[in-house]
Amino acid sequence: MERIALIAHDNMKDEIVTFVKENLDFFKNFELVATGTTGKRIAEATGLTIHRYQSGPIGGDQQIGADIALNKIKAVFFLRDPLTAQPHEPDISALIRLADVHKIPIATNLSTAHLLVIALKK
């Protein structure tokens with residue numbers, strides 16, 4: 001089964017939970033991985049099984065990055081908060097760079113997330 005990664009900054013967690021709930025029929029067809037708190041919130045709200053890595057600031061972003069480098073991720077939904085500085089910004093930049101290097105689509109806001117769902121349904 002193909003694997004999708006789900007990540008959201010603190011100010012975006014409600015949005016990613018709502019987004020996954022609205023697209024439940026899509027996400028249930030994939031193996032899902034997520035950073036710790038994001039995965040917990042989505043799983044509780046949807047009943048989906050999600051493999052949870054560590055929280056982003058303590059290494060979860062890097063764990064997903066390792067999956068990308070090993071070609072284990074089909075797409076990344078990473079709802080970022082562009083207006084709040086993140087203490088682990090280098091990890092975030094590295095994750096996005098890995099997605100670009102390995103040609104993995106990454107949605108960083110709700111508009112691109114909706115487009116990515118449409119594209120992956122084809």
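**Salt bridges**

Guide: Arginine 3 and glutamate 31 form a salt bridge through their side chains, with an N to O distance of 3.1 Å. The term salt bridge here denotes a side-chain nitrogen of Lys or Arg within 4 Å of a carboxyl oxygen of Asp or Glu. Arginine 3 belongs to strand β1 and glutamate 31 to strand β2 (residues 31-34), so the bridge ties together parts that lie 28 residues apart in sequence. Strands (E, at least two residues) and helices (H or I, at least four) are DSSP runs, numbered from the N terminus.

The model is a predicted one, in which local features need pLDDT of at least 70 and side-chain atom pairs count only at pLDDT 80 or more, while totals for chains, interfaces and linings use all residues. Residues are numbered from 1 along each chain as its sequence is written, and side-chain values use heavy atoms, with hydrogens and water left out.

Arginine 3 is buried, at 18% relative accessible area, and glutamate 31 is partly exposed, at 30%. Buried means under 20% relative accessible area, exposed means over 50%, and partly exposed is in between (1.4 Å probe, protein chains only). Arg3 and Glu31 also belong to a network of salt bridges that includes Asp67.

Searching the whole structure gives six salt bridges. One of them joins the side chains of glutamate 2 and lysine 74, at 3.4 Å from N to O. This pair connects distant parts of the chain, 72 residues apart: glutamate 2 is in the segment before β1 (3-8), and lysine 74 is in the loop between α4 (60-69) and β4 (75-79). Glutamate 2 is partly exposed, with a relative accessibility of 43%, and lysine 74 is also partly exposed, at 32%.

Another salt bridge pairs the side chains of lysine 28 and aspartate 25, with N to O at 3.3 Å. Aspartate 25 has a relative accessible area of 56% and is exposed.

Aspartate 61 is in helix α4 and is buried, at 1% relative accessibility.
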